[in-house]
Amino acid sequence: MNKVSIKITINNKTYEKEIKPNLLLVDFLREELSLTGTHIGCDTSQCGACMVLLNGYAIKSCSILLAQLNDQEITTIENIEQDGQLHPMQEAFRNNHGLQCGFCTPGMIISAISLVKENKNPTEHEIRKHIEGNFCRCTGYENIVKSISDGASKMYEKENN
Amino acid sequence: MYTFNYHVPKNVNEAITIFKDSEEPKYLAGGMTLVASMKQRLISPTDVIDIKKIKNLDNIEINNNILKIGALCTHDQIAKDSNVLKALENFSFLANGIGDPAVRKIGTIGGSLSNSDPAADWPAAVLALKTNIFTNNRTIKNEDFFTGMFETCLEENELLTSVEIELPDFFNYIKFPNPASKYAVVGVSIAIYEKEVRVSVTGASHTPFMAKEISEALSSNINSDFPKKSVPMDDLNNDIHASAEYRQNLIDVLTKQLINSYS
């Protein structure tokens with residue numbers, strides 16, 4: 001089976017590698033780069049714990065081959081804080097008790113950041129629709145929705161300051 | 001997932017040649033179904049041909065009342081395209097109801113149609129709307145395309161390149177989604193062209209289909225009562241999500257909702 005040459009930028013660092021074609025993005029992140037903030041929940045593209053940003057938008061890293069991402073840019077949960085400061089969305093999850101066990105949280109935050117990129121002031125309904133692909137089995141979602149709403153306004157404030 | 005040879009052809013011809021030269025190849029567009037199926041070892045192609053780098057297969061354009069969508073357009077791209085929103089708003093809404101946002105970013109219309117999932121959303125739209133499906137070497141009429149569960153009339157190496165849809169006077173699609181998967185337990189689509197009314201159904205059977213009796217009745221008079229329980233129960237799925245009887249009723253309920261959304 002042939003190897004594939006790939007160039008990919010992950011968290012602002014560019015990697016040029018020969019990889020096996022059946023390597024999934026999530027396994028590359030977790031096993032080879034030790035970026036274990038990206039979780040594997042269901043492993044079948046349902047739960048969203050594995051979400052990362054592809055060119056700024058959330059995708060599920062458990063269901064995409066690394067080979068499909070040649071010349072692309074990926075951001076994981078490890079790289080969203082800036083200058084040692086939590087990202088406003090992370091801050092909002094902390095302030096609004098948007099997590100309990102925390103397993104779904106990296107995916108939730110990535111998903112939320114992706115939402116705000118497209119919709120600066122999402123309504124509760126829009127938030128709930130957007131996180132259809134993110135499962136949380138602890139919180140009942142109430143505080144997650146609150147966190148995302150708060151995080152969206154904080155991101156907006158930050159952008160306008 | 002078993003491993004495989006990975007190819008990235010630059011054009012359609014190259015893709016076909018690689019396909020012909022491989023033992024058990026598969027085309028890969030977004031991979032939202034294919035990669036998941038490979039992970040579960042439901043399929044194990046010897047060669048995966050990633051067509052995503054082929055140019056000019058991801059355009060959306062409207063000319064002379066025809067909406068042309070390239071096979072590699074993602075669901076998200078179609079949902080947000082301003083021309084589609086203007087010309088066929090409910091078609092955009094359909095796109096925006098597929099899977100979840102992360103899946104819509106990667107999954108493509110060509111991949112979805114070629115996969116022919118019996119509960120997918122696109123087939124309902126493509127059947128109700130007057131649609132031609134284009135491949136590397138021919139044009140296929142919508143009603144000839146879907147032949148069974150995960151089966152189409154596409155030849156082994158044939159590659160779907162675009163769909164062309166004649167814009168209707170009215171279009172809508174309503175699905176009764178499975179709460180977990182969001183796949184249609186039943187989804188019904190309606191397209192109206194002057195006096196012709198076309199109603200199609202997805203999710204209910206082993207393959208999406210035209211609801212012929214309903215379409216005929218509504219074509220003669222959209223305000224008339226259409227025949228109820230017109231799809232025989234034997235043709236409908238009976239599973240843990242819904243009985244055939246329930247699905248039969250849902251077809252009528254959703255059709256009624258669609259008619260109400262028109263008038």
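I shall go through chain B domain by domain and then turn to its interface with chain A.

Please bear in mind throughout that this is a predicted model. Chain B is divided into domain 1, residues 5-50, domain 2, residues 60-166, and domain 3, residues 170-262.

Three strands of chain B, in the order β1-β3-β2, make up an open sheet with parallel pairing. The edge positions belong to β1 (5-7) and β2 (25-28) of chain B; each has a single partner strand, so one side of each is left without a neighbour in the sheet. On average, neighbouring strands of this sheet are turned by 20° against each other, direction ignored. Helix α1 of chain B, residues 12-21, packs on the sheet and touches β1, β2 and β3 of chain B. The direction of this helix makes about 155° with that of β2(B). Within the sheet, four bridges pair β2(B) in the parallel sense with strand β3 of chain B, residues 47-50. As one example, B:Tyr27 has B:Ile49 in β3(B) as its bridge partner.

Let me move to the other sheet I wish to discuss. Here four strands of chain B form an open sheet with antiparallel pairing, in the order β11-β12-β13-β14. Its edges are β11 (170-177) and β14 (209-210) of chain B, and since each has a single partner strand, one side of each is left without a neighbour in the sheet. Strand β13 of chain B, residues 196-202, runs antiparallel to β14(B) and is joined to β14(B) by two bridges. B:Val201 is the residue that stands opposite B:Phe209 in β14(B). Two helices should be noted here. Helix α10 of chain B, residues 212-220, lies across β13 and β14 of chain B and runs at about 155° to β13(B). Helix α11 of chain B, residues 244-262, packs on the sheet with contacts to β11, β12, β13 and β14 of chain B, and its direction makes about 35° with that of β12(B).

How do domain 2 and domain 3 of chain B meet, and how many residues are in contact? The contact involves 25 residues of domain 2 of chain B and 24 residues of domain 3 of chain B. Their C-alpha centres lie 19 Å apart. Between them, these domains bury about 2000 Å², with 58% of it on carbon and sulfur atoms. Three salt bridges are found across this interface. B:Lys175 forms a salt bridge with B:Asp121, where the closest N and O atoms are 3.1 Å apart. There are also 16 residue pairs in polar contact between the two domains. On the side of domain 2 of chain B that touches domain 3 of chain B, the largest share, five residues, comes from α8(B).

Finally, I come to the two chains. Chain B has 30 residues in contact with 27 residues of chain A. The area buried between them is about 2300 Å², to which carbon and sulfur atoms contribute 59%. The count of salt bridges between chain B and chain A is four. A:Glu118 forms a salt bridge with B:Lys105, with the closest N and O atoms 2.9 Å apart. Elements of chain B that each supply at least two residues to the side touching chain A are β1, α2, α3 and α6. The largest share of that side, six residues, comes from α6(B).

Technical notes: Residues numbered from 1 in each chain as written. Chains lettered and ligands numbered in written order. Predicted model: local features only at pLDDT ≥ 70, side-chain atom pairs only at ≥ 80, totals over all residues. Heavy atoms only, no water. Pairing = 2+ DSSP bridges. Axes fitted to C-alpha atoms, helices over the stretch in contact; angles between N-to-C directions. Contact = heavy atoms within 4.5 Å. Domains from an automatic or database assignment. Buried area = accessible area lost by both parts, 1.4 Å probe. Salt bridge = Lys/Arg side-chain N within 4 Å of Asp/Glu carboxyl O. Polar contact = N/O pair within 3.5 Å; in protein donor to acceptor, adjacent residues only side chain to side chain.
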